[in-house]
Amino acid sequence: MQSESQLQTAIYTWFHNAYPHLRGLLCYNLNNSRNKIDGNRNRALGLQKGRADMVFYYAGRAYHIEIKTETGEQSPAQKKWQRLIESHGFSYYIVRSEAEFQQLVTEIIV
């Protein structure tokens, strides 16, 4: 089974190669700091606890994408952030496979 990092890498690589004209619109969110000092600095810079792993910007919208393995579960902070984002009209998706991501992107673009 792939780790979340491996899955995210596969997703990003597929998107980068499949949609070269959309490069730069799928972005990784720096969610994990290396240590307490970096964590404090990142929070001071605006890092939001629970934020989705990636955002896809397309046609004036932002699609927030959380990458999880087949058995992965959201943390309480991720669930809270999802509720916040959705309450403001943004889309939030949990993706568990490369095929699921490919289908999502196809639906968004078409």
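Mentor: A pocket is an open set of grid points with protein on both sides within 12 Å along at least five of seven lines, and its lining residues have an atom within 4 Å of a point. Keep in mind that this model is predicted.

Trainee: What makes a residue part of the lining of the largest pocket?

Mentor: The cut-off is an atom within 4 Å of a point. The lining holds 19 residues. Nearest the centre lie Asn31, Asn32, Arg51, Asp53 and Gln78. Two elements, α1 (4–18) and α3 (76–87), each give two or more residues. The largest share, three residues, comes from α1.

Trainee: How many residues of that lining are nonpolar, polar and charged?

Mentor: Three are nonpolar, nine polar and seven charged. The pocket's volume is about 450 Å³.

Trainee: How do you know that the span of α3 agrees with its number of residues?

Mentor: Take 1.5 Å a residue. The twelve residues of α3 should then span 16 Å. The end C-alpha atoms are 17 Å apart, so the two values agree.

Trainee: Which residues of α3 are called buried, and why?

Mentor: Gln78, Trp81, Gln82 and Ile85. Buried means under 20% relative accessible area, so these four fall below that cut-off. They cover an arc of only 105 degrees around the axis, which puts them on the same side of α3. An α-helix has 3.6 residues a turn, so residues three or four places apart point the same way.

Trainee: What do the buried residues of α3 pack against?

Mentor: They pack against β3 (61–67) and β4 (91–95). The face turned away carries the exposed residues Pro76, Lys80, Arg83 and Ser87.

Conventions:
Residues are numbered from 1 along each chain as its sequence is written. This is a predicted model: local features need pLDDT of at least 70, side-chain atom pairs count only at pLDDT 80 or more; totals for chains, interfaces and linings use all residues. Side-chain values use heavy atoms; hydrogens and water are left out. On a 1 Å grid over the protein atoms alone, a cavity is a set of points where a 1.4 Å probe fits but cannot get out, and a pocket is an open set with protein on both sides within 12 Å along at least five of seven lines; lining residues have an atom within 4 Å of a point. Grid points are joined across faces, edges and corners, and a volume is the space filled by probe spheres set on the points. Ala, Val, Leu, Ile, Met, Phe, Trp, Tyr, Cys and Pro count as nonpolar, Asp, Glu, Lys and Arg as charged, and the others, Gly among them, as polar. The expected span of a helix is 1.5 Å times one less than its number of residues. Buried means under 20% relative accessible area, exposed over 50%, partly exposed in between (1.4 Å probe, protein chains only). The arc is that of the directions from the helix axis to the C-beta atoms. Contact means heavy atoms within 4.5 Å.
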